[in-house]
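Hello,

I am passing on the structure we talked about. It is shown just below, and my notes on it follow.

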Amino acid sequence: MSRSRLVIVALIAVIAVVAAWYLMRMMAPPPSDLDLAREKPSAAGLYHVAIEPELQPLEQGRMHSWIVSVQANGAPVTDATLTVDGGMPQHGHGLPTQPQSTGHVGEGRYRIDGVRFNMGGWWVLKIGIASPAGSDTAEFNIML
Amino acid sequence: MRRLAWVPLILALLAGCNPSSLTDEEKRVVASLSLAALPPVPDDPSNRFAASRAAAAFGATLFFDTDLSANGEVACATCHKVDRQFQDDLPLAKGIGTTDRRTMPLAGVAWSPWQFWDGRRDSLWSQALTPLEDAREHGADRTMLAQLLARKFGDRYASIFGPLPDLSGLPEHAGPRSDAAGQAAWAAMDEGRRREIDTVFVNLGKAIAAFERSIVPTQTRFDRFASALAKDEEPQGDAAFSDLEVEGLKLFVGKGQCVNCHNGPRFTDDHFHNTGVPAAPGLPPDRGRAQAVAQFDADPFNCLGPYSDAAGKCDELKFALRDGEELVRAFKTPSLRGVASRPPYMHSGQIPTLQGVIDHYSHAPAAPEGHSEVQAVIFTDRGRAALIAFLKTLDP
Ligand SMILES: [Cu+2]
């Protein structure tokens, strides 16, 4: 086999594997051990983060807000700046809106407005937290 | 006794695809798609005439009036035909000229936070103003429309919106989106007068918007099927689904993944997706949602603008996703209610038949620009027929 042919075959194999992986990811149910905790330490352990939707029960399609509580060493963090990102890991897309934090609302609690889940299934909300104590993120899984 | 254990299994096999073969999860999704799950039409805080009956009746008159056009031949209803689900069966709409997109059916538009295929307008009233000034559609302009209202509907206008401003000495044709002469005439008018005319123009849009709130989706066979299912009854008469239709339903909510985007009682997630639909030949490149962002932000008639009554209550506009690759060639998920009887399909009528649409989803071609969200799902011949049979149950 010539080198260029080998390259082509290798390429096709890679594409096939990627496509199969993609399909499996799309079709597979979310991992059954998905951590659905609404409260956890941030990734690097700087903060303890809890999230609570203002819309109960959560509804597909409705825009709504969340309250995020941030603590460090057991005390509320009142001077943090929050960012929100997220999406659907199995569908490979992000959030349909650009949620924003309206800032600190007291006792280490922050409001995030403009969240919408336009599909049913497994969503991830990533909260970015920056304060003089450092920057960290906390990822939450949400099932709809 | 042991033999009896087979009875439920045999019964289940005999039952085949009848509705009781739907899983609880499938039944839950069916309920979420049914018209019974449609909430009341949402308020439009940006339009204080939205709930006015007089405004809606006036809006209905305007919707059908061909005098609202440069050549006296084009009304909203020219393209949005009442007896054709408020669309025109054409790949590209024809007004004074030909547009780059397909006419959208209007059932349930008032539930939609964004208007147009790319969502470049954030209310029904700001949407209505757009075709009026588009040279390919109505080709009208602002001073012409104000004068027409005064001449033809002065009293009616005044009874709803208050007296018209003084129109004496206005140029016959002037507007910021009209031809060069019209634009120059508009620029030459003083600011205060332009504001007065804009207010009249906006009220025209608000009346039409009030009317459009009454264009609602109607009961279909699917809804009757769903309502029997919700009551745990066997669907009777035309509410009963054939095996093929049930199979199509299962594909739609299951393996086909259609319900990811075509969800809720209007079969749309009200969002924008690149589904790899090929570019329409001969038309300029269409970047969909990616080109709409700058337009809705610059629109003086958006929810946060001076003509809106929302007093800042504009969550859709405030929290709109404004950047990212996902917006490129993303188009609004269309409702699938009534879809089988209104070909052609897609934003520029690229696909002539439902068969073609199912082929599209099973090939999942790469997008001409950006990245398609659709993953190929291989449908058998029977699967294709089943999906189409199911879509037909969504016809009014
Ligand atoms: Cu998704």
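Chain B and its contact with chain A

Across the interface of chain B and chain A there is one salt bridge by the rule used here. Its partners are Glu316(B) and Arg116(A), whose closest N and O atoms are 2.5 Å apart. On the side of chain B that touches chain A, helix 12 (residues 315-318) of chain B gives the most, with three residues. That side of chain B is made up, by class, of five nonpolar, seven polar and nine charged residues. Please keep in mind that this is a predicted model.

The contact as a whole takes 21 residues from chain B and 21 residues from chain A. The size of an interface is often given as the accessible area lost when the parts come together. Here chain B and chain A bury about 1700 Å² between them, and 50% of that is on carbon and sulfur atoms. Nine residue pairs are in polar contact between chain B and chain A, counting pairs with both residues at pLDDT 80 or more.

Confidence

The model has an ipTM of 0.90 and a pTM of 0.93. For chain B the average pLDDT is 95, and 95% of the residues score at least 70. Residues 1-17 of chain B have a pLDDT below 50, and beyond near neighbours in sequence this stretch has four contacts in the model.

Over all chains, the count comes to 30 salt bridges. Side chains of opposite charge can pair when their charged atoms come close. Three of the pairs in chain B are described here, with their surroundings.

Arg28(B) forms a salt bridge with Glu25(B), with 2.9 Å between the closest N and O atoms. Both residues lie in helix 2 (residues 24-33) of chain B, three residues apart, which is about one turn of the helix. Are these two side chains buried, exposed or partly exposed? Arg28(B) counts as partly exposed because its relative accessibility is 49%, and Glu25(B) is also partly exposed, with a relative accessible area of 45%.

Arg48(B) and Asp309(B) meet through their side chains in a salt bridge of 3.5 Å, N to O. This pair links distant parts of the chain, 261 residues apart: Arg48(B) is in the loop between helix 2 and helix 3 of chain B, and Asp309(B) is in the loop between helix 11 (289-298) and helix 12 of chain B. Arg48(B) has a relative accessible area of 62% and is therefore exposed. Asp309(B), at 28% relative accessibility, counts as partly exposed.

Arg120(B) and Asp118(B) form a salt bridge through their side chains, at 3.1 Å from N to O. Both Arg120(B) and Asp118(B) are buried. A network of salt bridges links Arg101(B), Asp118(B), Arg120(B) and Asp286(B).

Helix 3 of chain B

Which residues of helix 3 (residues 53-63) of chain B are buried? They are Ala55(B), Ala56(B), Phe58(B), Gly59(B), Ala60(B), Leu62(B) and Phe63(B). The cover over the buried residues of this helix includes helix 4 (76-79), helix 6 (142-161) and helix 8 (191-212) of chain B. At the start of helix 3 of chain B, a side-chain oxygen of Ser52(B) comes to within 3.4 Å of the backbone nitrogen of Ala54(B).

Two sites towards the end of the notes

Ser362(B) is part of helix 13 (residues 354-363) of chain B. Ser362(B) counts as buried because its relative accessibility is 6%, and buried means under 20%. Its side chain makes a polar contact of 3.2 Å with the side chain of Arg384(B). Apart from neighbours within four places in sequence, Ser362(B) is in contact with Ala376(B), Val377(B), Ile378(B), Phe379(B) and Arg384(B).

Asp395(B) sits in the segment after helix 14 (381-392) of chain B. In sequence, Asp395(B) and Arg221(B) are 174 residues apart, while their C-alpha atoms are 7.3 Å apart in space. Arg221(B) is one of the residues in contact with Asp395(B) once neighbours within four places in sequence are left aside; the others are Thr220(B), Gly338(B), Val339(B), Ala340(B) and Ser341(B). With Ser341(B), there is a side-chain to side-chain polar contact of 3.1 Å.

Regards

Notes: Residues numbered from 1 in each chain as written. Chains lettered and ligands numbered in written order. Heavy atoms only, no water. Contact = heavy atoms within 4.5 Å. Buried area = accessible area lost by both parts, 1.4 Å probe. Salt bridge = Lys/Arg side-chain N within 4 Å of Asp/Glu carboxyl O. Polar contact = N/O pair within 3.5 Å; in protein donor to acceptor, adjacent residues only side chain to side chain. Helix = DSSP H or I, 4+ residues; strand = E, 2+ residues; numbered from the N terminus. Nonpolar A, V, L, I, M, F, W, Y, C, P; charged D, E, K, R; others polar. Buried < 20%, exposed > 50% of the residue type's maximum accessible area, 1.4 Å probe, protein only. pLDDT = per-residue confidence, 0-100.
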